[in-house]
Amino acid sequence: MNAPIHRIFGRPLDAEIPKGYDQAIFGMGCYWGVERLFWQQEGVWLTEVGFAGGTAENPSYKQVCAGGTGHAEVVRVVYDSSRVSYERLLQIFWENHDPTQGNRQGNDVGSQYRSLIMVFNDSQKAAAELSKADYGNRLAVQGYSDITTQILPAGPFWRAEDDHQQYLDRYPDGYCGLRGTGVKAPLTDIAEGY
């Protein structure tokens with residue numbers, strides 16, 4: 001069975017990652033708005049929504065929503081690191097959801113909506129942990145509770161059903177529950193040109 005074609009980028013979702021490109025996985029609540037947020041970022045080559053961080057193999061949306069698989073709704077981002085840094089992606093991540101809410105984002109309640117970063121290497125892990133500590137301090141100053149975001153080694157990513165891919169391109173007025181805290185995250189990357 002062929003992978004669907006990305007509605008924005010025009011390439012198959014299972015396209016081989018070009019040499020020199022990297023990938024990231026972020027969970028920030030309902031994945032529809034999260035995917036749009038990242039496909040709009042300069043330097044992103046591909047996005048797809050799916051599930052990660054759970055125990056069942058190849059779960060369906062319905063199974064994940066039922067809460068028994070342990071997965072989070074996530075977005076896999078393939079990006080050209082010469083055009084956008086991982087630190088910039090982390091900045092987008094922190095500023096566009098509330099990472100202090102545990103198993104929810106706003107009105108979306110359940111472990112599938114938890115805040116999650118899956119890292120592919122030691123460099124991503126170090127950057128994610130540094131940014132989490134820094135953003136946690138910034139949130140605390142503004143009266144927020146501790147960050148609940150999990151930072152985990154990248155495990156299996158299970159692509160969601162085709163009708164969930166680029167959902168807000170297909171349905172521009174569809175549901176998007178993304179809400180940040182209003183607290184700015186620093187761009188900690190040395191190369192401020194990103």
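This is a predicted model: local features need pLDDT of at least 70, side-chain atom pairs count only at pLDDT 80 or more; totals for chains, interfaces and linings use all residues.
1. Staying with Q166, its phi is near 50°, a positive value in a residue other than glycine. Most residues other than glycine have a negative phi, so this is a spot I'd point out. Buried or exposed, then, for Q166? Its relative accessibility is 1%, and the cut-off for buried is under 20%, so Q166 counts as buried.

2. N58 is in the loop between β2 and α2 (61–66).

3. On to the sheet. Six strands make up an open sheet with mixed pairing, and the order reads β7-β6-β1-β3-β2-β8. The edges are β7 (150–153) and β8 (158–159), each of which pairs on one side only. At the β7 end, β6 and β7 run parallel to each other, with four bridges between them. I117 is found opposite I151 of β7.

4. Two helices to look at against the sheet. α1 lies across β1, β2 and β3, and runs at about 160° to β2. α3 also packs on the sheet, where it touches β1, β2, β3 and β6, and its direction makes about 15° with that of β1.

5. How many of the 10 residues of α3 are buried? Nine are, so the helix is largely enclosed by the rest of the structure. The buried set is Y86, E87, L89, L90, Q91, I92, F93, W94 and E95. These residues pack against β1 (21–28), α1 (31–39), β2 (44–52), β3 (72–80), β6 (115–119) and α4.

6. The axes of α3 (residues 86–95) and α4 (residues 122–141) come within 10 Å and cross at roughly 40°. That angle makes α3 oblique to α4, and the crossing is right-handed. On the α3 side the contact involves Y86, E87, L90, W94 and E95, while α4 brings in Q124, A127, A128, S131, K132 and Y135. Sorted by class, the contact has six nonpolar, two polar and three charged residues.

Note on methods: Residues are numbered from 1 along each chain as its sequence is written. Side-chain values use heavy atoms; hydrogens and water are left out. Axes are lines fitted to C-alpha atoms, for helices over the stretch in contact, and angles run from 0 to 180 degrees between N-to-C directions. Angles under 35 degrees count as roughly parallel, over 145 as roughly antiparallel, 65 to 115 as roughly perpendicular and the rest as oblique. A crossing is left-handed if the near helix is turned anticlockwise from the far one by less than a right angle, and right-handed if clockwise. Contact means heavy atoms within 4.5 Å. Ala, Val, Leu, Ile, Met, Phe, Trp, Tyr, Cys and Pro count as nonpolar, Asp, Glu, Lys and Arg as charged, and the others, Gly among them, as polar. Buried means under 20% relative accessible area, exposed over 50%, partly exposed in between (1.4 Å probe, protein chains only). Two strands pair if DSSP finds at least two bridges between them.
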